[in-house]
Amino acid sequence: MTRPLVAVVDDDESVRESLPDLLRELGFAATAFASADEFLSSEDITRTHCLLLDVCMPGMSGPELQQVLVSRGVRVPIIFITARADVNVRETLMQRGAAAFLSKPFSELQLRQAFDAALRQTGDSR
Amino acid sequence: MNSDTQEISIPSEVLRKWQRIVDLLANIMCVPSAVVTKMEPPRHTRYEVIVSSNSKGNPFPIDQFFSMDIGTFCETVIKNRQPLLVANALEDDQWKLAPEIQVGMASYLGFPVLWPDGRMFGTICVLDDKANRYSDMYQEVLLHCRDVLQADLQTLARLSNELEEQGAQLSELFARVPEAVVMVDRDSRIARVNPEFTKIFGYTTEEAVGQRIKDLITPDDLQEEVESFMYRMGEIIAVETVRRHKNGTRVPVSLIGVPVSAKGSGSIGYLIYRDITETKRLQEEQRRYHEIQLELAHANRIATLGQLSASIAHELNQPLTGIVTNCATCSRMLAGESPDLEGAREAVRRTMRDGMRASNVVARLRDLFNKKEPASEPLDLNEATREVIGLSLEEIKNSGVIVRTELAEDLPSITADRVQLQQVVLNLLRNALDAMNTVDDRPRDLLISTERQEGDCVRLSVKDAGVGFDPQTMDKLFESFYSTKNDGMGVGLSVSRSIIDNHQGRLWAVLNDGPGATFLFSVPCRAHTAPTPPIL
C-alpha cells in the first residue's frame, strides 16, 4: 500500500525542512510547498490525503486556501498549524470544518493526535 | 462736575476761625456788632447769620434768618455785589426805613463775599449803634478780613471738587469693576455693594445692606469666618473658598479682604470676590487633559510591548517548531533495530541551525528595538516637574503631605524624553509619599528642588521626612523589580534608574540629616540619549 500523501504548506523554511522528515518517519509520504498558490498549481492536490496548512502566509492565507478547495469540491482534511496562538481564529477555523488546529511548536504526540482527528473526518481511505 | 458751591457747608473749624475774626473786628473797631452772613440755598430768598461777634450790644444772634426783600443793608450789598457804607442811617433818606434801625443799629459797613467762581456767598459787615464814618483804615481792615474769608472759600471749593472727583472716580470704579466689591463695617455688616455683587450673588443693594456678610453668602456647612479675619489680622487676606448665591448654588470664589482704617467713622473693610467657576473648570480640564496624555503614553507603551511580544513569539515559534520537529525525527531515526544515522545527523544539523536562527531572531529584534529613537526634545525640567506635581495634587492632599518647591530660576533647558523623565519624577514623588505614610509625629514635608550643576548638568532632588532606608541595602532599592503600589502609571526605581542612565545621568539616594531620605538624579544638558533597552 502506498503511503498516504501529506502536503505541508508553510512559508517558513524551518518548518518545510523539518516536517516532511518527521512525517516520513511516521509512515507518510510528504511534500512541501512554500505558498498556497504553489500547492494549487501542483499536481498533488487530488492525491493529497491530508493538508498541514499554515494560517498566516503572504499572498493567499491558509483559510483562504481552505475556501478555494471547498469551492473546487476538493475534500481533503486540513490540519492548521500556526505560530500565533489566537483563540478566536481557532474557533472560527474549527467551525469551518478544519480537522485539527496546532500551535507551533507542537510535539510529535500532538501531531499524531491531529492525524487521528483527520482520519476520523475522512471516514474512509481514498 | 462742579456742584452748586452754595451747597457746600462751612466746616466748624472754619466757622470758629471766622468767629475769632468778627470778635476781633468788633473789638478793634469798637462797634457792638460784626457779622458774617450766608445765602441760603437753593433759592437764596433768605440769608443767615453764621458768625456773630460776642460783643456787648450785638442784636444779631447766630442762625438768625433775614428775608431778601425787607430792605436790609446786607440785602443791598448782596444784590449789588458792591461794598456799602452807611455812616448815619437815621439821617439818610435812602436808609431811614432800614430794619436794622429797629434793633438799634445806626450805621453799617459791609463787603460782599464771593465764591471763587464768582457766585454770591454772603457778606461780612460791622454795625454801630451810633453814626460812624468808618475810617479808611477800618475799611481796609474789613476788606482784608473779607479777603481772608474768600481765600477760605476757595480752599473749601477746591477740596470739595477734589473730593467730588475722587468720589466720582471711586464710584465709577465701584460700579464698573468686574469683581464683586462689598464695603463692610467693623461687625462685618454690609454698607455698600456694587452691581457685580448682585450679578454674582443675586442680592440687590436693598437686600444686602445692613446684613452681615456671613449670613448672606457663606454656605451653612462652612464654619469659616474669613471675612472678619482681615480685621483680626489687620492686614489684607486672600483665599480661595466657596460662597453661596441667593438661589442656593455654590460659587467658587477667590476672596480678598482689605481692612481700611477710616478716621472718625471707625474701621471699615472692602471685600472683593471673584467668581472662579470658569477658572476652576479650565484648571480641571487641563488637569484631565494632562492626565489623559500621560495615560495614553503609558497605554501606548503597553500596547507596543504587547505587539512586540506577539511579534517575538511568532518569530521564535517558527525555528522552535523546526527544533522540536527535527528532534522528534532524530529520535525516531535513532530508535529501532537499524538506526538511520545519516538521517539523524541531518536532523541534528537542522536542529542546530534552527537554534541559531532562533538566537538570530532575538538579536535582530533587539537591534530593531534599539534603533527606535526615544522622543528627545528640549525640556524645561522645572515645567515638567510642576506638571507632575499638578497632576498629583489630589494624591498629595490625601496623603496629608506639604509640598514645597525650590526650582532654580536659572535652570538650563535639557534634551530628554519628556514623558520618561516625568515618569521618574512621578516615581520619586510617589515613593516619598509612601515613605511618609506612617509618619505622625512630625510634619510630612516634601521638598522638590532643582538646581544647575557644574559641568552643565541639572539636578532634581526629592526630599521627604519619611522612614528613610537602610543604607546597607540601598542598592537593592534600585535593583529590585517590584512596581510601585498604585495603579501602575509610574515605573519602579529600577526602570527609573535605567531611564536616567539612558540620558547619561545618575540616580541615587542619600539619608537626610534629619528624618527621611532624599532621592536625586542629575542629567547632563547635552545628553545624547541612548535608546531604552528592551524589557526582555
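Together, chain A and chain B bury about 1,800 Å², with 50% of that on carbon and sulfur atoms; buried area here is the accessible area (1.4 Å probe) that two parts lose on being put together, summed over both. This is a predicted model, so to speak of local features pLDDT must be at least 70, side-chain atom pairs count only at pLDDT 80 or more, and totals for chains, interfaces and linings use all residues. Side-chain values use heavy atoms, with hydrogens and water left out, residues are numbered from 1 along each chain as its sequence is written, and chains are lettered from A and ligands numbered from 1 in the order in which they are written.

In contact terms (heavy atoms within 4.5 Å), 18 residues of chain A meet 18 residues of chain B. There are four salt bridges between the chains, each a side-chain nitrogen of Lys or Arg within 4 Å of a carboxyl oxygen of Asp or Glu. One of them joins B:Arg332 to A:Glu108, with the closest N and O atoms 2.8 Å apart.

Now for the cysteines. Over all chains there are zero disulfides, a disulfide being a pair of cysteine sulfur atoms within 2.5 Å. B:Cys74 is in none, and its nearest cysteine sulfur, that of B:Cys125, lies 3.6 Å away.

| Residue | Relative accessible area |
|---|---|
| B:Cys74 | 5%, buried |
| B:Cys145 | 14%, buried |

How values were computed:
Buried means under 20% relative accessible area, exposed over 50%, partly exposed in between (1.4 Å probe, protein chains only).
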